[in-house]
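Please keep the sequence and the 3D view open while reading.

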Amino acid sequence: MTARSIRRTTAARTRLAAVGSLAVAGALLLTACGDQTESGKDNGSSQASGKASTAPLFSKLPKEIQDKGVIEVGTNAEYAPMESVENGKIVGVDPDIAAELGKKLGVEFKFTSGSFDTLITAVNTGRYDIAMSSITDNKQRQEGLDDSGKKLGEGVDFVDYFTAGTAIYVKKGNPKGVDSIDDLCGQTAAVQRGTTYEKALQDQSKKCTDGGKKAIKIESFENDTEAQTRVKSGGAVAGVNDYPVAVDLARKADGGNAFEVIGEQYDAGPFGIAVDKKNTQLRDALKEAVDAIIKDGSYKKVLEKWGAQSGAIEAAQINGGK
């Protein structure tokens with residue numbers, strides 16, 4: 001779910017998640033991603049194996065994708081409005097954007113939900129063709145580096161399709177008077193493990209101690225729902241997440257009575273569709289498809305549907321993250 005960075009702190013979904021070492025460790029967990037939810041849409045195009053399609057960008061796809069008629073997508077469906085599960089189906093900004101991309105490419109995008117910190121590794125191992133989960137595009141992920149700059153994985157290429165920053169959310173009424181991330185020194189903050197905002201909290205904690213203040217007590221959870229529960233119960237004074245996710249959470253949780261967002265988003269960065277570096281043909285086809293849906297207006301309609309217009313971009317970019 002900012003990709004999860006301070007996408008998402010997605011990382012400035014953003015998923016804002018970092019991941020050199022976690023991505024590599026995630027390879028060991030791929031077989032354990034058993035509790036998965038799948039979602040796919042029939043885009044009205046020919047998707048039977050080996051059949052041609054009249055979709056405008058079908059010919060741009062790799063032959064194996066053309067033949068199977070499906071792009072397998074890894075996601076972590078816990079970041080409404082970007083991706084979440086409703087009535088057993090994965091819905092949100094990302095699945096709807098993917099459906100529009102499917103119309104241009106003539107294939108189905110089939111989403112499977114698993115652990116966020118294994119998604120990039122799963123793309124590198126071939127479990128998924130792509131990962132689309134409010135993943136913040138940054139150099140660390142592009143190059144497969146850990147937090148210290150050590151090479152641990154192959155890295156991925158990103159097709160950037162959205163932009164988002166990090167947000168801090170607190171319990172409704174802001175009982176601890178948190179006005180910014182600087183106020184978290186000496187406090188407990190909740191976050192999803194493996195995200196860029198977890199790294200952002202770690203960096204902020206160091207700033208706290210360097211300035212003579214107490215460190216932030218960072219509680220990292222397997223999924224964002226657990227982090228939200230910790231804030232709601234008062235066990236953590238704040239949570240950190242992608243801005244569109246935090247805003248949606250504050251608007252919907254307990255009818256808008258559970259949380260509030262503090263201030264504006266910051267450290268905005270691009271969300272990208274992660275593609276294996278060797279699969280440049282698929283990467284380039286996706287970029288063309290993103291540009292096509294931006295041009296025809298269907299991209300804008302998806303964002304308006306989910307109240308995510310603030311993340312709109314004017315053109316797709318490959319590896320635009322820093």
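## Paired strands

Which residue in strand 12 does Ala-131 stand opposite? Ala-131 faces Ala-274 there. Strand 7 (residues 130–131) and strand 12 (residues 259–276) run antiparallel and are joined by two bridges. Strand 8 also pairs with strand 12, in the antiparallel sense, over 13 bridges. In that pairing, Ala-164 stands opposite Gly-269 of strand 12. Pairing here requires that DSSP finds at least two bridges between two strands. Strands (E, at least two residues) and helices (H or I, at least four) are DSSP runs, numbered from the N terminus.

## About the model

This is a predicted model, in which local features need pLDDT of at least 70 and side-chain atom pairs count only at pLDDT 80 or more, while totals for chains, interfaces and linings use all residues. Residues are numbered from 1 along each chain as its sequence is written, and side-chain values use heavy atoms, with hydrogens and water left out.

## The disulfide

The structure holds one disulfide. A disulfide is a covalent bond between the sulfur atoms of two cysteines. The cut-off used to find one is a pair of cysteine sulfur atoms within 2.5 Å. Here the partners are Cys-185 and Cys-208, with their sulfur atoms 2.0 Å apart. The torsion about their S-S bond is about -75°, so the disulfide is left-handed.

Where do the two cysteines lie? Cys-185 is in the loop between strand 8 (156–171) and strand 9, and Cys-208 is in helix 6 (residues 196–210). The pair therefore ties together parts that are 23 residues apart in sequence. Cys-185 is buried, at 17% relative accessible area. Cys-208 is buried too, at 2%. Buried means under 20% relative accessible area, exposed means over 50%, and partly exposed lies in between (1.4 Å probe, protein chains only).

## Helix 3

Helix 3 covers residues 93–105, 13 residues in total. From its first C-alpha to its last it reaches 18 Å, close to the 18 Å expected at 1.5 Å a residue. The expected span is 1.5 Å times one less than the number of residues.

Why is helix 3 described as largely enclosed by the rest of the structure? Because 12 of its 13 residues are buried. Among them are Val-93, Pro-95, Ile-97, Leu-101 and Leu-105. Just after the helix, Gly-106 takes a positive phi of about 75°.

Gln-192 sits in strand 9 (residues 188–192). Is Gln-192 buried or exposed? Gln-192 is buried, with a relative accessible area of 0%. Its side chain makes a polar contact of 3.2 Å with the side chain of Asn-76. A polar atom of the Gln-192 side chain also lies 3.3 Å from the backbone oxygen of Glu-222. A polar contact is a pair of N or O atoms within 3.5 Å; within protein, one must be able to donate a hydrogen and the other to accept it, and residues adjacent in sequence count only if both atoms are side-chain atoms.

## Backbone details

A cis peptide bond joins Ala-80 and Pro-81, with omega about 5°. Pro-81 lies in the loop between strand 3 (78–79) and strand 4 (83–86).

Asn-174 has a positive phi, near 45°, though it is not a glycine. Asn-174 is in the loop between strand 8 and strand 9, and counts as buried at 15% relative accessibility. Asn-319 also has a positive phi, near 55°. Asn-319 is in the segment after strand 13 (317–318).
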